[in-house]
Amino acid sequence: MSLQRKVTLDFRNRRKVTLALFFIMSLILIWGAIDLQINEPVDLKKRADSRSLRIKEIPTDRGIIFDKNKDPLAVSVPHYALEVDPRKLINNEEYQNRIATILDWDPEKLQKMISAKKHRKGIPLTRKLTTEQKKALSDLGIDGVYFTEYSKRHYPTANVTAHLIGFTDRDDRGQEGIEKLYDTTLQGVVGERRVLQDARRQVVKSLQIIKPVEPGKDLYLTIHAGVQYAAYRALEKAVIKNQASSGSVVVMNPNNGNILALTNYPSFNPNISSEKQAHLYRNRAVTDKFEPGSTLKPFTIAMALEGGVYAPDSIVDTSPGVIKIGRNKVRDAKDYGVLNLTGILRHSSNVGSTKLAFDHSPKAMWKILWAVGFGEKTGLKLNGEARGDLTSHVKWHPFDHATHSFGYGMTVTAVQLARAYSVIANGGWLVSLGVVRGGAIFPKVRAIKESTARSVLDMLAVAVNEGTGKNARVQGFNVAGKTGTARKLLDGEYTSKAHMALFAGIIPADAPELVSIVVIDEPRGEHYTGGQVAAPVFSEIMNEATRLLNIEPGTSGSQAVIENFATISSPLGSAF
Amino acid sequence: MKMNFFVLFLAISVFASALALVTKREETRNFSKQLEKLESERRAVKQDWAKLILRQSNLASHSRVEQVARDALGMKLPEAKTVVSTK
């Protein structure tokens, strides 16, 4: 009996001890859990998350630049760069050889590269992987071969649009031209998303979009690739033929200010990095200032007509072909005698222009030049656009007053000249120039009276048909325009050795749809005048442009214009 | 008794809203996954398109057309006097 009792007591104690032990162990575990949960949860949570949570970029492509007919001018296409991890490939000659074969490389070259940098994490092999090569390499399924996608810009029209479109850098950021001007629009916004990654940095799960991606927007220009090409080709031919140093052409629609072609020569190919030389970047049509010479005379005529003293058939005596102003002289090529206003344009008489200017105040002269947009930017907003020089009439000496009437003593850009001729072409409105469709629209401003614009336009048609601009004629069309041959300044003096050959034209003269400026800088060939060097370029471009733009030749309006010529010229028929 | 019903109602509501939260979260994930997939598809399609229009414009470039017309087909621009315009 006593033995049984003892045994029971022993068991009871053992049970108590065991339960106590269990209780203590559970307490330790619970404390451990509480400790982890309360005392250092932030640190642990952070460590866990950092291993798996990542923010990844959502890439986007740069928008495409199109011309007005949706022909591409700049397109981004994805390319792949290849990188290998030497540490993973160093001991595998077979893989090295396969990679070399796919890349069309000498296997030894690759082996040398890998063994030379065997401790590096990664070495870039090439940035020019074709789609086929990339596929073949990924099909190999080798560890240690990585691809990086990058975007490369292509310019199908190459040299033809190089100055206008510009180009991007390695990271697809705009550096010049439209690419730079509209960089933000074209670029878009790279998105961000939160993802779960495993230890091998593979995305396991996409958790959340933090910043939505905004794809780069496409841009539509007002440029017509066909007209642009015609302009570039004609310009290139003329610059080479006349051994000129450079040239620019602007073609625009005078009625809305849209630029249809804007090109310069020499140019560069933006697709070839070695051709991208800084001295070739300059968009001369926008950045280069020059004295407009005789191409300015139509505005002197416009001033005379606006003043109300002169009518189209008013006469001016230019004899004896020279006029003295202080110590300076203004000369004509010869004594043209008595001329009407049309005659002044037709013969490009400096004396006639001077006399017209002197019959008006310097302020009137300055006012007309300012009204047609000289001395201010055109609204194009292109990089480095020059304002041109138009000093205040208050500072003019009488000789300055005279020189402004035939385009010296002030400077303009090709686009400014195009804008000014648009005023004559569109019935007297000053329009803002634009090169991007749907860009900011500025209200047009009346610069001169409609009747003045019409009269000057008619006179310019005579200047082409019978005067210095004969080479600018286009079969089937009535062309209005003015030539210019400006002497260049060399060491502060006008030289007879360096000229600017200019032509400013409007087509069709009866209902203008295009205005074009041709500038040829320093022709050193047989010819150097605007009529011989620049006017034929206009003719060649317009021959193509009118066909490409479906502009109808010779409308009924041309008859009216011709009759009009008759009335203008009849009183002084003998002068022609 | 009334109190018990109220507690039960609250318990059910808590349970239901917990379930709804989980479902919605899953739905959001699925949708963002779908969005991501569609966006990358859009990008791939646009890239393909870019490649194609680039190729097209290379083939149809004015200089190439002119060269083929002149050299391969022996074509030339008609002279001005041979052109008749009709209205």
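In the predicted model described here, the count comes to 1 cavity of 30 Å³ or more, a cavity being a set of points, on a 1 Å grid over the protein atoms alone, where a 1.4 Å probe fits but cannot get out. The volume of the largest cavity is about 50 Å³, a volume being the space filled by probe spheres set on the points, with grid points joined across faces, edges and corners. Its lining, made up of residues that have an atom within 4 Å of a point, consists of A:Asp61, A:Arg62, A:Ile64, A:Ser76, B:Lys46, B:Gln47 and B:Ala50. Helix 1 (residues 2-59) of chain B gives the most to this lining, with 3 residues; helices (H or I, at least four residues) and strands (E, at least two) are DSSP runs, numbered from the N terminus. Divided by class, the lining of the largest cavity has 2 nonpolar, 2 polar and 3 charged residues, where Ala, Val, Leu, Ile, Met, Phe, Trp, Tyr, Cys and Pro count as nonpolar, Asp, Glu, Lys and Arg as charged, and the others, Gly among them, as polar.

Residues are numbered from 1 along each chain as its sequence is written, while chains are lettered from A and ligands numbered from 1 in the order in which they are written. For this predicted model, local features need pLDDT of at least 70 and side-chain atom pairs count only at pLDDT 80 or more, whereas totals for chains, interfaces and linings use all residues; side-chain values use heavy atoms, with hydrogens and water left out.

The contact between the two chains (heavy atoms within 4.5 Å) takes 34 residues from chain A and 24 residues from chain B. About 2500 Å² is buried between chain A and chain B, and carbon and sulfur atoms give 58% of this area, the buried area being the accessible area (1.4 Å probe) that two parts lose on being put together, summed over both. Between chain A and chain B the count is 5 salt bridges, each defined as a side-chain nitrogen of Lys or Arg within 4 Å of a carboxyl oxygen of Asp or Glu. B:Glu66 and A:Arg233 form a salt bridge in which the closest N and O atoms are 2.3 Å apart. On the side of chain A that touches chain B, two or more residues come from each of strand 3 (72-84), strand 5 (145-154), strand 7 (203-211) and helix 10 (225-241) of chain A. Strand 3 of chain A gives the most to this side, with 5 residues, and the residues of the side divide into 16 nonpolar, 10 polar and 8 charged.

The largest pocket, a pocket being an open set with protein on both sides within 12 Å along at least five of seven lines, has a volume of about 1600 Å³. It is lined by 46 residues, of which A:Lys56, A:Phe147, A:Thr148, A:Glu149 and A:Arg193 are the closest to its centre. Helix 1 of chain B supplies the largest share of the lining of the largest pocket, 10 residues, and the lining as a whole divides into 14 nonpolar, 11 polar and 21 charged residues. The second largest pocket holds about 970 Å³ of space, and among its 33 lining residues the closest to the centre are A:Arg331, A:Asn350, A:Tyr408, A:Thr485 and A:Arg487. At least two residues of the lining of the second largest pocket are supplied by each of strand 13 (328-331), helix 17 (398-405), strand 17 (480-490), strand 18 (493-507) and helix 20 (530-548) of chain A. By class, this second lining has 8 nonpolar, 18 polar and 7 charged residues.

Over all chains, the count comes to 26 salt bridges. One of them joins the side chains of A:Glu179 and A:Arg62, at 2.9 Å from N to O. A:Glu179 lies in helix 8 (residues 177-181) of chain A and A:Arg62 in the loop between strand 1 and strand 2 (65-66) of chain A, so the pair ties together parts that are 117 residues apart in sequence. A:Arg62 is also one of the residues that line the largest cavity.

Most residues other than glycine have a negative phi, and most peptide bonds are trans. In this model, a cis peptide bond with omega of about 5 degrees joins A:Tyr265 and A:Pro266, and A:Pro266 is placed in the loop between strand 10 (259-265) and helix 11 (278-281) of chain A. A cis peptide bond also joins A:Ser319 and A:Pro320, with omega of about 5 degrees. A:Asp104, although not a glycine, has a positive phi of about 65 degrees, and this residue lies in the loop between helix 4 (93-103) and helix 5 (107-116) of chain A.
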